[in-house]
Amino acid sequence: MHASWQTPQNIKDQYSSASICGNNRVVFNIAGNKYRLVVEMQYQAGIAWVKFIGIHAQYDQINVESVNDD
């Protein structure tokens, strides 16, 4: 699937359950909310950087806005 998200609203329009967070992070619920995917969006460049993927219990232990910042 190809997406061309230029704003957070573009993501919400396609995935209403996605959570828009600070630091350009978006959280996607996968498999009925069993898994969480955290990406950092670079809208102008058209890049989504995967910052975290894990089960819900692991997600509860991270800071979405800073996970995997190097």
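**Sheet.** I looked up the sheet first. Four strands form an open sheet in the order β1-β2-β3-β4, with antiparallel pairing. I noted the edge strands: β1 and β4 (47-55) each pair on one side only. Strands here are DSSP runs (E, at least two residues), numbered from the N terminus. I count two strands as paired if DSSP finds at least two bridges between them. Strands of a sheet pair through backbone hydrogen bonds, either parallel or antiparallel.

**Basis.** The model I read is predicted, and local features need pLDDT of at least 70, side-chain atom pairs pLDDT 80 or more, while totals for chains, interfaces and linings use all residues. Residues are numbered from 1 along each chain as its sequence is written, and side-chain values use heavy atoms, leaving out hydrogens and water.

**β1 and β2.** I checked residues 19-20 (β1) against residues 25-30 (β2): they pair antiparallel over two bridges. Ser19 stands opposite Val27 of β2. Their hairpin has four residues between the strands, and Asn23 there takes a positive phi near 60°.

**β2 and β3.** Next I followed β2 to β3 (residues 35-42). This antiparallel pair has six bridges. I found Phe28 opposite Leu37 in β3. In this hairpin, four residues lie between the strands, and Ala31 has a positive phi near 55°.
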